[in-house]
Amino acid sequence: MENRYETFTTLILNIYRCIQKIKNAEMESVGLKGKQVQVLFALYNLKGGANAKTLGNICTQDKGAFSRTIGELEKLGLVFVDEDEGKKYKNLIKLTAKGKKAAKFVAEKINGVLEVSSDGLSEKERDKMYKSLAIISQNLNKLCEKYDEK
């Protein structure tokens, strides 16, 4: 049991550290921060924008960090908040033209890293890995909910 724990946590932490290092290095080259990657990538894939709650859930950032990231991206002219809805939490966050260009760059970098990181895996093996990770994530989320209740 100890070996499983050590192997699992070591692999997950190493993957996380590598992702952070790659994000920070690649984004620094264009004047962005690694933490902005998730937001740009999510908005790039959502096309029409998303409200803060939806986008925050996709990006899995706490509300404070997410709010700061959106503020930074607004200052950089990469996103804007479409204030047509009236209620702040319903307003859509959208990419500007400059943001679309930056998000496309981010998406291309992500696709390149995914290609390299999955080298040696068949599509079937990759699908099985993602399915397994999703199950582990769901199980750990259920376990964490018990701690939230206390």
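This is a short walk through one protein structure, from the overall layout down to a few single residues.

Hi everyone, thanks for coming. Before anything else, please keep in mind that this is a predicted model.

Let me start with the overall picture. The protein has six helices and three strands. If you read along from the N terminus, the order is α-α-β-α-α-β-β-α-α. The C-alpha trace spans about 55 × 40 × 25 Å along its principal axes. How much of the protein is buried? Of its 150 residues, 23% count as buried. As for contacts between residues at least 6 apart in sequence, 51% of them join residues at least 24 apart.

Now, let's zoom in on a pair of helices. Helix 2 covers residues 37-46 and helix 3 covers residues 52-59. Two packed helices are described by the angle between their axes and the distance between those axes. Here the angle is about 115 degrees, and the axes are 10 Å apart. Helix 2 passes helix 3 in a right-handed crossing. Which residues make the contact? From helix 2 we have Gln 38, Val 39, Ala 42, Leu 43 and Leu 46, and helix 3 brings in Leu 55, Ile 58 and Cys 59. Sorted by class, that contact has seven nonpolar residues and one polar residue, with no charged ones.

While we are in this part of the chain, have a look at Tyr 44. Lys 47 lies over the face of the Tyr 44 ring, at 4.5 Å from the ring centre. And how many aromatic pairs turn up in a search of the whole structure? The count is zero.

Ala 25 sits in helix 1, which runs over residues 2-28. Its relative accessible area is 47%, so Ala 25 is partly exposed. Ala 25 and Gly 48 are 23 residues apart along the chain, and their C-alpha atoms are separated by 28 Å.

The other one is Glu 72, in helix 4, residues 63-75. Is Glu 72 buried or exposed? It counts as buried, because its relative accessibility is 19% and the cut-off for buried is under 20%. What does Glu 72 touch, once we leave aside its neighbours within four places in sequence? The partners are Lys 33, Lys 35 and Gln 36.

Methods:
Residues are numbered from 1 along each chain as its sequence is written. This is a predicted model: local features need pLDDT of at least 70, side-chain atom pairs count only at pLDDT 80 or more; totals for chains, interfaces and linings use all residues. Side-chain values use heavy atoms; hydrogens and water are left out. Rings of Phe, Tyr and Trp (its six-membered ring) pair if their centres lie within 6.5 Å; planes under 30 degrees apart count as stacked, over 60 as edge-to-face and the rest as tilted. A charge sits over a ring if NZ of Lys or CZ of Arg is within 6 Å of the ring centre and within 35 degrees of the ring normal. Axes are lines fitted to C-alpha atoms, for helices over the stretch in contact, and angles run from 0 to 180 degrees between N-to-C directions. Helices (H or I, at least four residues) and strands (E, at least two) are DSSP runs, numbered from the N terminus. A crossing is left-handed if the near helix is turned anticlockwise from the far one by less than a right angle, and right-handed if clockwise. Contact means heavy atoms within 4.5 Å. Ala, Val, Leu, Ile, Met, Phe, Trp, Tyr, Cys and Pro count as nonpolar, Asp, Glu, Lys and Arg as charged, and the others, Gly among them, as polar. Buried means under 20% relative accessible area, exposed over 50%, partly exposed in between (1.4 Å probe, protein chains only).
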